[in-house]
Amino acid sequence: MSREDYEIVIGLEVHAELSTKTKIFCSCPTEFGGEPNTHTCPICMAMPGTLPVLNEKVVEYAVKAGLATNCEIARDSKNDRKNYFYPDLPKSYQISQYDKPLCEHGVVEIEDDEGNPKTVRLTRIHIEEDAGKLNHNEFGGGSLVDLNRAGVPLIESVSEPDLRSAKEAERYLRKLKSIFEYIEVSDCKMQEGSLRADVNVSVRKKGETKFGTRTEMKNMNSFRAIVRAIEYEANRQIDVLEEGGVIEQETLRWDDVSGRTFSMRDKEDAQDYRYFPDPDLVAIRLSDEYIEKIRKELPELPESRRKRYMEEFKLSEKDARLLTASKYLSDLFEKAEQITGNAKAVANWILSDISRILNEKELEADQIPFTAEELDKVIQLIEKGTISSAIAKKVVEVLFENPKDPEEIIQEKGWIQISDEGAILEVVKKVIEANPQSVSDFKGGKEKALGFLVGQAMKETKGKANPQMLNQMFKEELSK
Amino acid sequence: MKITELTVHELQDKLASGELTVTQITKAYTDRIQEKEGQVEAFVTTLTDEATEEAKKMEEKIASGEIKSSLAGIPIGIKDNMCTKGVRTTCSSRMLENFVAPYDATVIEKINEQGMINLGKLNMDEFAMGASTEYSYFKKTKNPWNLNTVPGGSSGGSAAAVAAQMVPWALGSDTGGSIRQPAAFCGVVGLKPTYGLVSRYGLVAFASSLDQIGPITKDVRDAAILLNVIAGHDEKDSTSQNIEKKDYTKALEKDIKGIKIGVPKEYFGEGINPEVKEKLMQAIEEYKKMGAEVEEFSLDIAKYALATYYIVACAEASSNLGRFDGIRYGYRTKNFTNLKDIYKNSRSEGFGPEVKRRIILGTYVLSSGYYDAYYKKAQLVRTLVMKEFEKAFAKYDVLLTPTSPTVAFEIGTRSNNPLEMYLADICTVSVNIAGLPGISIPCGVDSKGMPVGMQLIGNRFQEEKILNAAYAYEQKTNFRKTYQPEFKK
């Protein structure tokens with residue numbers, strides 16, 4: 001049998017750090033970075049005798065996430081302890097939710113590989129605390145524990161095994177990320193680890209109804225790695241089965257450099273987390289009014305923005321969808337549009353050049369280093385005729401490298417468009433003189449020859465000449 | 001007049017009238033510690049020098065009006081499982097032998113606000129697991145009534161220090177009887193408040209759903225005064241209840257005529273020492289004479305309380321004590337080559353046998369495949385126990401039982417027999433299981449002169465009723481004036 005005879009089955013457990021100001025069980029800041037162990041207190045360092053107190057904002061954010069993904073919100077919920085030993089887990093248990101998560105039975109709408117709408121079921125969303133971080137000790141052997149991240153609130157969103165390809169998994173994760181960004185519960189910065197996924201992969205022969213044995217790859221934090229890892233792991237499993245082997249249920253580590261998965265734990269370490277309700281915390285009871293209030297305050301979600309863009313700005317369905325796929329892009333669009341009032345131009349810039357550069361540089365939209373004001377400036381400079389669109393493309397490239405006022409960029413680089421009639425006339429005359437053949441072609445009725453002459457003039461001015469003026473003046477000079 | 005014989009409310013009177021100064025009181029206690037600690041061994045850490053310094057400062061603060069509390073300058077002893085900033089908190093364990101907390105427990109903040117003076121940290125069973133204080137890593141505390149017997153536990157250091165007059169009063173903690181049973185063994189008063197009345201913040205957790213801090217005192221009035229100080233809602237403890245502040249001394253002198261006392265017959269059956277039973281019967285007669293209506297009834301569920309207790313307490317302990325892993329603070333083994341060794345050896349060397357026994361038990365009952373049969377079932381029984389008590393309190397104001405089936409036993413006679421040691425808690429654990437308040441007061445001595453304790457149990461947040469009933473009995477019988485510990489060898 002060949003690979004085409006197999007179906008890949010994928011489920012994702014996505015961890016998103018919530019953007020609350022303080023940690024889930026103490027009042028330390030959640031801010032990323034900071035010297036090791038400076039965002040800590042006796043509570044998140046698990047000093048003896050300290051007690052957790054649940055941050056109400058965490059519940060609110062999780063409910064928001066649940067509502068935005070069409071979940072049922074539990075009126076009665078609780079926190080449980082997940083017990084295991086690891087140096088980044090100071091209490092030796094993680095406070096999480098076991099059998100009564102805050103949100104259950106949600107759905108997320110995506111497109112399958114053929115572009116058809118597809119519904120992915122969300123099993124649950126629950127709240128829990130993040131662990132600390134182990135850093136390799138630069139000054140000697142062993143590792144150093146940094147507890148700045150310990151106690152940062154997380155929501156874990158668990159999908160059903162509804163995904164059927166690596167690309168589909170990517171689209172699902174992008175959609176989830178976009179939803180969390182829209183409702184502003186997480187900044188979802190994968191490069192900072194505030195959005196990470198555990199990926200469960202299994203394969204089965206097409207037509208088979210039972211699932212195959214799955215393996216899990218933990219803590220994946222880039223789309224590219226997730227896609228590669230799923231593809232690698234599915235192929236590995238198929239190869240094992242084709243050779244008559246069996247898949248072992250295990251946790252794997254994806255190595256991005258070698259592009260392979262490795263077994264992480266031996267079986268004697270099979271974990272029994274001994275979940276039980278945390279006796280230091282009280283039950284979480286939510287009233288209908290509370291949930292309704294949050295529902296009413298939910299911001300506009302991507303679907304509704306997409307529709308609005310089509311109606312308000314007359315954008316195509318495709319453009320509107322691409323723009324709203326990321327809140328960062330969408331916000332950039334709306335801000336720049338508000339300043340310029342030129343929705344089409346802004347959309348074009350974002351969807352063509354900016355998206356192309358993002359792709360080339362393998363960056364996410366949230367890593368765009370310049371502001372809407374700067375983008376707006378570029379568009380205005382074109383409209384005013386200060387620069388040509390060819391130059392504008394170069395300006396945007398520079399903005400990615402070294403964001404600053406576009407006017408400064410063109411000054412520095414000497415990219416200001418030549419719109420001085422005398423200067424342009426001089427170039428026009430020079431080009432006419434140097435290209436007698438094209439001149440006679442044009443006079444003989446070949447319109448195309450004009451394009452060539454304009455091109456030569458642009459070359460001569462290193463692209464800085466105003467193309468409309470060039471056109472105009474060539475026509476005038478040649479009709480003399 | 002011997003200063004250390006006085007109760008705190010008597011000390012307050014004499015401070016107010018100018019008859020005594022803070023320095024005099026502190027000196028009397030530091031001298032007494034000098035004299036008796038060698039015999040009793042109630043302290044893990046004594047703070048006699050610090051207390052002498054503190055007394056001077058406090059006197060100035062009182063004189064200048066900076067502090068106005070009538071408890072300013074009153075000494076106190078603290079069980080060594082409550083965190084005190086700058087003073088080590090060991091839980092009588094090798095694991096925390098050199099642990100100094102960077103913060104004060106909420107109860108410590110409260111006693112500091114009143115200007116009380118900490119005389120030291122008191123010995124206990126390691127991590128409060130035990131009923132004799134023999135499971136301390138550091139020392140075995142002796143019962144001042146007979147130095148060959150145990151003071152009870154786990155707050156044995158607190159109860160022995162109060163009985164030996166080395167502190168005028170002390171804070172203890174009670175998870176299954178750890179305030180009341182040692183109070184009974186040492187002939188003093190011990191009050192376990194309703195779960196949620198006193199903040200647990202800064203109390204090193206044994207079993208979170210059962211632990212409560214409470215006073216160990218010479219008499220009932222002092223217990224009410226100290227409860228006034230420590231009770232109250234704390235934002236740092238989610239399980240602390242936000243209820244109205246009360247003055248618990250107000251209810252003490254109410255006439256108890258007509259109050260209804262229920263006597264659960266199960267607490268007087270098999271295993272109860274006949275002499276203990278006899279003293280309790282005499283106490284019941286006293287209550288009848290005072291006009292209380294006493295009635296025997298059946299609290300059938302009580303027989304399941306001990307098993308329930310040991311499942312719930314050990315389960316929570318197995319998780320609570322996970323943080324003692326040798327990574328951030330506390331004992332770390334010298335003998336390791338990898339992470340697993342650090343965990344295994346630090347915990348094997350840092351914990352004593354009783355703590356390990358309970359961690360293993362608790363880990364077992366929470367394991368997958370056993371959770372439903374043990375932990376879940378225990379929680380169901382716990383609900384039933386609560387309901388049975390609720391029914392009882394629909395009929396009675398107060399329940400009366402022995403505090404312990406026996407008087408203080410000899411050192412070394414039970415420490416190798418865990419099951420027999422666990423039976424010492426049989427009369428007290430159901431109160432923790434149901435989250436109720438309970439007080440133990442002395443009700444006489446047996447033929448060998450050892451104190452017998454009587455336990456009064458109240459409904460949730462009805463501390464006033466048990467304090468009232470206890471006070472009335474105490475006034476009538478005056479145990480403290482009749483009997484005093486003799487430091488027998």
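## Exercises on a two-chain predicted model

The C-alpha centres of domain 1 and domain 3 of chain A lie 62 Å apart. This is a predicted model: local features need pLDDT of at least 70, side-chain atom pairs count only at pLDDT 80 or more, and totals for chains, interfaces and linings use all residues. Residues are numbered from 1 along each chain as its sequence is written, while chains are lettered from A and ligands numbered from 1 in the order in which they are written.

**Exercise 1.** Find the bounds of the domains of chain A.

*Solution.* Take the bounds from an automatic or database domain assignment. Domain 1 covers 3-289. Domain 2 covers 300-413. Domain 3 covers 421-478.

**Exercise 2.** Work out the strand order of the open sheet in chain A.

*Solution.* Strands are DSSP runs (E, at least two residues), numbered from the N terminus. Two strands pair if DSSP finds at least two bridges between them. Start with E4(A), residues 80-83: four bridges join E4(A) to E5(A). Within E5(A), A:Ser96 stands opposite A:Asp80. Last, find the edges: E5(A) (93-96) and E15(A) (276-277) each pair on one side only.

**Exercise 3.** Describe the side of chain B that touches chain A.

*Solution.* Contact means C-beta atoms, placed from the backbone, within 7 Å. By this rule, 34 residues of chain B are in contact with 25 residues of chain A. Next, look for helices (H or I, at least four residues). H9(B) (302-320), H10(B) (339-350) and H11(B) (353-366) give two or more residues each. H9(B) gives the most, with three residues.

Definitions and conventions: Two residues are in contact if their C-beta atoms, placed from the backbone, lie within 7 Å.
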